[in-house]
Structure formats: structure tokens, C-alpha cells
Amino acid sequence: MSSPLRVVHYLNQFFAGLGGEDQANAPAQVKEGPVGPGRVLDSALGKGSVLATVVCGDNYVVEEKDHAVEAMRRALDRYAPDVLIAGPAFDAGRYGLGCAYMCMAAQERGIPAVSAMHPENTGVLTFRRNLLVLPTGTAVSEMPSAMSRLAAFARKLSSGDKLGSAMEEGYLPRGFREPVMHSRTGAERAFDMMMARVLDREFISEVQIPQYDMVPPAPPIRDSGRTKFALVTTGGLVPRGNPDRQVGGRATSFFKYSIGGLTELTTDDWESVHAGFSTAHLNSKDPSYVLPLPVIREFEDRGLIGVVHPHFYSTTGNGTPVTVAKRMAKEIAGELREAEVGAALLVAT
Amino acid sequence: MAKEIERFGIPVAVLTAIPMIPLSVGASRVVRGIRVEHVCGDPRLSHELDRAVTRNIVATALRAVQTEVDSPTLFEPANAPASSESAHAS
């Protein structure tokens with residue numbers, strides 16, 4: 001069991017050095033040996049090595065999932081690795097989903113797999129029960145430590161030893177409970193926890209409740225033709241020239257811009273400053289792909305929409321921490337309520 | 001974003017190319033768009049068809065905010081032209 005570990009690694013186009021968002025549609029490709037941060041992984045593996053690297057563009061992997069996964073299956077068959085390692089994807093949502101798909105494809109083949117990403121990454125939120133994921137923050141500077149944790153975890157996975165609990169092994173909880181024998185009864189343990197709580201000491205609950213912040217859905221509107229609608233976009237849409245200096249990522253502000261009297265958005269007057277996807281279509285053809293104003297006006301004329309709020313709200317949804325997004329949304333919601341808006345359309349990119 | 005606005009009692013239709021993301025974080029009403037770079041339309045089509053795709057998406061959004069839901073729900077634009085079906089995230 002101590003033969004050198006054979007690893008196949010999954011990366012997105014960015015970390016593989018193909019390019020940024022302009023390469024997000026890059027189809028799956030397989031490269032021999034480690035690529036980019038895979039070299040850090042390769043050295044963390046000691047005697048083990050990265051045999052091959054599968055790379056997909058972030059859009060490709062979610063939009064052409066079946067083809068992307070098929071490419072991974074072929075690579076797994078060809079290289080027959082002991083473990084698949086995907087990422088780390090940090091807080092990149094599409095990349096996180098890609099890592100999740102690839103891990104699941106390997107597991108279907110009986111090959112253990114592990115990824116690393118931020119606990120709020122969509123990959124974890126969606127597939128937590130199917131995945132072994134080591135937690136990371138959002139900073140790429142964590143790459144070396146993430147890689148050495150991934151390498152150690154991969155060794156453990158391939159050893160055939162029984163995997164301990166999430167808390168013992170350091171992966172993100174999958175939401176399973178496993179019966180274990182305990183030397184002390186439940187009553188005794190519960191009593192200790194109660195005492196710890198009363199005395200303000202630390203304790204770890206045996207029943208971890210996921211901290212989903214669920215919001216009950218708002219009631220529907222009765223008649224869109226009698227409703228005031230507001231338009232919101234996270235597509236980084238701003239007046240051309242970006243007078244408010246909105247940023248392309250990690251935005252902490254939103255802006256509202258007048259669309260009173262406007263029936264369309266032209267590239268002469270508007271642009272997207274979003275840096276998380278390729279804005280070529282928006283900025284050279286039609287900004288309304290992130291704010292469908294012409295159709296909104298048409299529906300307003302046809303009586304399908306009562307009236308459109310004279311301002312739209314805009315931010316850049318790219319790596320925005322949840323707490324910041326919440327704060328902005330609260331402010332926007334307050335303004336919408338004040339303006340007696342009945343419903344909103346939010347274009348999320 | 002959508003959740004906080006819904007918390008104020010205002011229904012929100014989230015138009016997105018990757019429905020799994022808003023659904024996974026608990027947005028109530030999610031409408032499937034085309035692609036990340038052009039959520040509400042499809043520049044690969046003629047202007048007329050492109051506009052028809054957008055109408056479909058916006059009409060679906062209007063249906064979404066007029067529909068009672070009790071959990072995160074995906075609304076698929078109906079009658080999408082066949083050539084726009086390239087963008088399935090699932």
C-alpha cells in the first residue's frame with residue numbers, strides 16, 4: 001500500500017493557464033503530467049505523482065457537462081489513477097461544480113476522489129452528500145497549504161483505511177450520521193454539554209444543524225399587468241465610461257441608474273464591467289442580455305407589466321461574499337418597498 | 001440577493017444560465033436563461049429569434065412571480081426555439 005500514489009488532477013481553464021473568461025468555453029482537454037498548481041500538488045505528493053491533468057473551461061463544464069464528464073472518464077480509464085484530485089476551486093462557483101462532477105465521475109468508476117473549496121461554493125452546497133471536500137478560504141494564496149492537505153488526504157483515501165468522521169479527518173460534513181459505540185451514555189454526555197453551556201465553556205454538539213439561511217418565498221403577485229416591476233442585475237451594467245467606478249469583481253456597492261423613457265440599451269451608452277465572464281456580447285452587441293429592457297417595454301405596452309420602476313439596480317456579482325450581497329440586497333429591497341414595487345426581475349450572471 | 005428582497009415580501013424571479021446556483025442557496029423562483037455571457041437572449045440567432053428567446057424568458061419570469069411556491073422552484077421557459085437548447089446546466 002505504500003507504492004507511489006498515482007493521481008489524475010482536474011483544473012479549470014484559468015488555473016491551467018489557458019486564459020481567463022475568454023477561454024471559459026474551452027472544451028475538455030487532457031495534458032500529460034501536472035499543470036500550473038498541479039506542480040505544487042505533484043511535489044506535495046512526494047514519491048507519488050500527477051500522471052495527467054484534465055482541463056475544462058468553466059462554462060464548458062457546466063453547459064456541456066456530459067461531454068466534460070465523458071472526457072474525464074476516458075482519462076480515468078487510460079491512466080487508472082489511485083485517486084482523482086479536483087481543484088482547489090476556492091469560491092469559484094462554476095469551477096466548484098466542475099470539481100464536483102469530476103469527483104462523482106471518478107467515484108462511479110470506483111476511484112476515490114477529493115476536492116477542496118470554500119464551504120459556500122455551489123459545488124459543496126449542491127453535492128455535499130456525494131463529495132469529499134476539504135475547506136478552503138477564498139484566497140488563491142492558500143494554494144500551497146490546500147495542496148499539501150489534498151495530497152495527505154489522497155494518501156489516506158488510497159490506503160484503504162476506514163475514513164473517520166468529517167470532524168476527525170477535516171473534510172466538510174456530508175450530512176451522514178453513523179452509529180458508533182460510546183463509552184458513556186447519551187444522558188451523561190447531554191448532561192456534560194448542558195453544564196458546559198451553563199458555565200459558558202466550549203462544547204461540540206453531537207447534532208450539527210446546517211446553517212442554511214432559508215427565507216420563506218414571498219407570496220406571488222396576482223396580476224403582473226397591475227404590478228410595478230423593478231429590474232435588478234448582477235451583470236456589472238453601468239453607463240459607458242463607468243462614472244461610478246464600479247468594479248469587475250468583489251463589488252461592495254450597487255448603483256441605480258435611470259431608465260425612465262428608455263426603450264433600449266445601446267452599446268454607445270452602456271457597458272458591463274463584469275470581470276467574471278466574457279462581456280464581448282454585452283459590450284459589442286447588446287447590453288440588454290443582462291437587462292432585457294426592450295422586451296420589458298414591449299410587455300409594458302401590451303399591458304403584461306403594469307409599470308416599470310424608473311431606475312434599475314446594478315452590481316457586479318463576482319466573488320461577492322454572502323454578507324456583502326445580503327447588505328446590498330437589504331438596501332435595495334428597502335428602496336423597492338418604499339417605491340411600492342410589487343415584483344422584481346433579477347438577472348444573475 | 002433574491003432572498004433578501006423576497007424577505008421584504010417582494011417576489012423575485014432570478015434569471016440565470018446556471019439555475020443550480022440560485023436553487024442551491026435557496027432562491028425561491030429561478031428562471032433558466034441561455035448562457036452566462038447572454039442570460040436573456042442568444043446572439044447566435046437572428047435578431048428576430050433572439051428577441052423571441054428573450055420574450056419567452058421574460059414571460060416565464062412573469063409567470064414565476066405570479067406562482068405560489070413553497071421552496072426553491074425552477075421555471076423553464078416554454079416553447080424555446082430548438083436552436084437555443086445549448087445551455088443546460090444539469
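A: Start with the words helix and strand: helices (H or I, at least four residues) and strands (E, at least two) are DSSP runs, numbered from the N terminus. This is a predicted model, where local features need pLDDT of at least 70, side-chain atom pairs count only at pLDDT 80 or more, and totals for chains, interfaces and linings use all residues. Residues are numbered from 1 along each chain as its sequence is written, chains are lettered from A and ligands numbered from 1 in the order in which they are written, and side-chain values use heavy atoms, with hydrogens and water left out.

Q: How many salt bridges does the structure hold over all chains?

A: Side chains of opposite charge can pair when their charged atoms come close. A salt bridge needs a side-chain nitrogen of Lys or Arg within 4 Å of a carboxyl oxygen of Asp or Glu. Over all chains, the structure holds 21 of them.

Q: Which residue meets B:Arg35 in a salt bridge?

A: A:Glu63 does, at 2.7 Å from N to O. This pair crosses between chains. On the chain B side, B:Arg35 sits in the loop between strand S2 (29-32) and helix H3 (47-65). On the chain A side, A:Glu63 belongs to helix H2 (residues 58-63).

Q: Are B:Arg35 and A:Glu63 buried or exposed?

A: Buried means under 20% relative accessible area, exposed means over 50%, and partly exposed is in between (1.4 Å probe, protein chains only). B:Arg35 has 16% relative accessibility, so it counts as buried. A:Glu63 has a relative accessible area of 8%, so it is buried too.

Q: Which parts of chain A does the pair of A:Lys156 and A:Glu169 tie together?

A: These two side chains meet in a salt bridge of 3.1 Å, N to O. A:Lys156 lies in helix H6 (residues 143-159) and A:Glu169 in helix H7 (residues 166-169), so the pair links parts that are 13 residues apart in sequence. A:Lys156 is partly exposed, at 25%. A:Glu169 is also partly exposed, at 22%.

Q: What separates A:Arg327 and A:Glu331 in helix H11?

A: Their side chains form a salt bridge of 3.6 Å, N to O. They are four residues apart in helix H11 (residues 322-338) of chain A, so about one helical turn separates them. A:Arg327 is partly exposed, with a relative accessible area of 36%. A:Glu331 is partly exposed as well, with 37%. Elsewhere, shared partners matter: salt bridges join A:Glu70, A:Arg73, A:Arg74 and A:Glu108 into one network.

Q: Which residues point one way from S5(A), and which the other way?

A: In a regular strand the side chains alternate between the two faces of the sheet. Strand S5 (residues 113-117) of chain A is mostly covered, with five of its five residues buried. A:Ala113, A:Ser115 and A:Met117 point one way. A:Val114 and A:Ala116 point the other way.

Q: How many bridges join S4 to S5(A)?

A: Two strands pair if DSSP finds at least two bridges between them. Strand S4 (residues 83-90) of chain A runs parallel to S5(A), and four bridges join them. A:Phe90 has A:Met117 as its bridge partner in S5(A). On to strand S6 (residues 133-135) of chain A: S5(A) pairs with it over three bridges, again in the parallel sense. A:Ala116 has A:Leu134 as its bridge partner in S6(A).

Q: Through which helix does the chain cross from S5(A) to S6(A)?

A: The chain crosses through helix H5 (residues 122-127) of chain A, and this β-α-β crossover is right-handed. Right-handed means that, with the strands pointing away from the viewer, the path from the first strand over the helix to the second runs clockwise. S4(A), helix H4 (residues 93-108) of chain A and S5(A) also make a right-handed β-α-β unit.
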